[in-house]
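Try each task yourself before you read its solution.

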2 protein chains.
Amino acid sequence: MRVVIPFDANDPKTRLAPVLDPDERRHFAEAMLQDVIAAVEGLGHRPLVASSSPVDVDVPTVVDDRPLTPLVDAAIAEGTPVAVVMADLPLATPASLARAFDAEAAIAIAPGRGGGTNVLVVREPAFRTDFHGASYRDHLERARSIGTSVHEVDSFRLATDVDDPSDFVDVLVHGDGRANAWLRDAGFRIAVEGGDPRATRNENDRH
Amino acid sequence: MRVVIPFDANDPKTRLAPVLDPDERRHFAEAMLQDVIAAVEGLGHRPLVASSSPVDVDVPTVVDDRPLTPLVDAAIAEGTPVAVVMADLPLATPASLARAFDAEAAIAIAPGRGGGTNVLVVREPAFRTDFHGASYRDHLERARSIGTSVHEVDSFRLATDVDDPSDFVDVLVHGDGRANAWLRDAGFRIAVEGGDPRATRNENDRH
C-alpha cells in the first residue's frame, strides 16, 4: 500500500508561536514528522513525504505546495489503496496505524481532536476528500453518499495532533520518540498546578 | 464486575463557566453522566454512581464526597475486579469500554487527554491509585512497581473528557447521546472559522 505523509514546511505550527520561535517550530514539526515516518516504517511501509518545500528526511519526498484536499485527491487518483497520515501525530505507533491500515472497509478513518481527519485509508477510487472544517463528519458523509463501507478507528494516539502548547503534556506523558526528546531537550517538563498537569519550560534550556 | 462512576455534583465543570451558567453546567454534567451510565449498561453491567451529593439517576447511587484517590482506593479494597469510569466521557460506547473491561491484564487503563486516567479496571487487590497530577504515568509506574501486568487502552472516545468549551466540538461531531442533545438544545453548533471547526452558541437558544 502506498502511504503519503503531507507536510507543511512553510512556517509550520503557527499556534505554537507563543512558546516556540520560528526555527523551533520548524525543528519540532520535523521531529513529529520523523516519529510518523518511524511508525509507518515499523509497519513495513516506505512512506512518501509530500512537502510544501524541500525537507531532509530518509524517505522519498516530493515537493507539492497544494492544499490538503487537492493533494490527497491526487494521491487517490494515482491509485488505491492509499493511506494518508498527518505529519503531526507524534504518538502514532505501528500498532495504532495497523488498526487503520489493516481495516477491511473501503474507507478507514481515524479522527483528530476537534473534528479533523488524522489518518485516512482509501481503497475506493471514487472517494474524494474535503479537509476544510469538520472533515471527519464530511468524510463519513461522502463515504456513505457513494455507498462505501467505513471503519472508524477509535485511537487516542492517532487523534492526538499537536497544534497547541496544551498538547505538549500528551507528548511528554505518552511519547517516546523524537518529538518527546525534542521537547525535553528544549526544557519542557510536566508541572502540576492545582492538580492538573501542564507543560512548562525551563528557560535556561532555550537554545 | 462492579463498575463505579464517581460524580462531582457540587459546582461541576468550573472550566465551562465562561460559556455555561451554574445550572447549565450541572445539567450538562448530568447529561454526560447519563451517557456514561448508558454505555456501561450497554455492556450488561449495572454501575454504582458515587456522587458528592445526591443525584437523580436510574441506577444505584451512594453519596461519597471524598476526593477521587481515597474513593477509588476504597472501591478496590471492597473487592476486585472493579472498573472505575469517569463521569465526563460522553463519547464512551459499549465497544470502547469493552476494550478496557475485557482486557486480561491485572490493570487496564485508558488515558484521558492531558495526562489523566479516564477508565481504570483493577483485578489486582494490592493496586492503589493516585489521581493527582499526571495520573496516567503514575498509575503505570505503580502497576510496574507491584509487578502487575498493564494493558493500555488506546481509545479516542475514552480519552475525550469534557472539561473545556473547546471540547464541545468533539461532542457535537462524535456524540449521539444526551450530552450531544443537551448542547444542541442549548444552541451550540459547529461553525468553521479559518478552516478550523469551533462550537458556537446561538444566544436565542439560551434557556
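**Before you start.** This is a predicted model, where local features need pLDDT of at least 70, side-chain atom pairs count only at pLDDT 80 or more, and totals for chains, interfaces and linings use all residues. Residues are numbered from 1 along each chain as its sequence is written, chains are lettered from A and ligands numbered from 1 in the order in which they are written, and side-chain values use heavy atoms, with hydrogens and water left out.

**Exercise 1. Find out which rotation and shift superpose chain A on chain B.**

Start with the confidence. The model scores ipTM 0.96 and pTM 0.97. Chain A has a mean pLDDT of 96, with 99% of its residues at 70 or more; pLDDT is the predictor's confidence in each residue, from 0 to 100.

Now superpose the copies, by least squares on the C-alpha atoms of residues with pLDDT of at least 70 in both.

Last, check the interface. The copies meet through the same surface, because 100% of the interface residues of chain A are also interface residues in chain B.

**Exercise 2. Work out which residues of helix H7 (178-185) of chain B are buried, and what they pack against.**

Helices (H or I, at least four residues) and strands (E, at least two) are DSSP runs, numbered from the N terminus. Buried means under 20% relative accessible area, exposed over 50%, and partly exposed in between (1.4 Å probe, protein chains only).

First, pick out the buried ones: B:Ala179, B:Asn180, B:Trp182 and B:Leu183. They sit on the same side of H7(B), because they cover an arc of only 160 degrees around the axis, taken from the directions from the helix axis to the C-beta atoms.

Next, look for contacts (heavy atoms within 4.5 Å). The buried residues of H7(B) pack against helix H1 (22-42), helix H6 (168-174) and strand S8 (188-193) of chain B. Just past H7(B), B:Gly187 has a positive phi of about 100 degrees.

**Exercise 3. Trace the ring pairs that involve A:Phe168.**

Rings of Phe, Tyr and Trp (its six-membered ring) pair if their centres lie within 6.5 Å; planes under 30 degrees apart are stacked, over 60 edge-to-face, and the rest tilted. The count over all chains is 6 aromatic pairs.

A:Phe28 and A:Phe168 are edge-to-face, at 5.4 Å centre to centre and 70 degrees between the planes. A:Phe28 is in helix H1 and A:Phe168 in helix H6 of chain A, so the pair ties together parts 140 residues apart in sequence.

A:Phe168 and A:Phe188 have centres 5.1 Å apart and planes at 75 degrees, so this pair is edge-to-face too. A:Phe168 is buried at 1% relative accessibility, and A:Phe188 is buried at 3%. Ring pairs link A:Phe28, A:Phe168, A:Trp182 and A:Phe188 into a cluster.

**Exercise 4. Are A:Asp167 and A:Arg113 buried or exposed, and what joins them?**

A salt bridge is a side-chain nitrogen of Lys or Arg within 4 Å of a carboxyl oxygen of Asp or Glu. The side chains of A:Asp167 and A:Arg113 form one, at 2.8 Å from N to O. A:Asp167 is buried at 8% relative accessible area, and A:Arg113 is buried at 16%.
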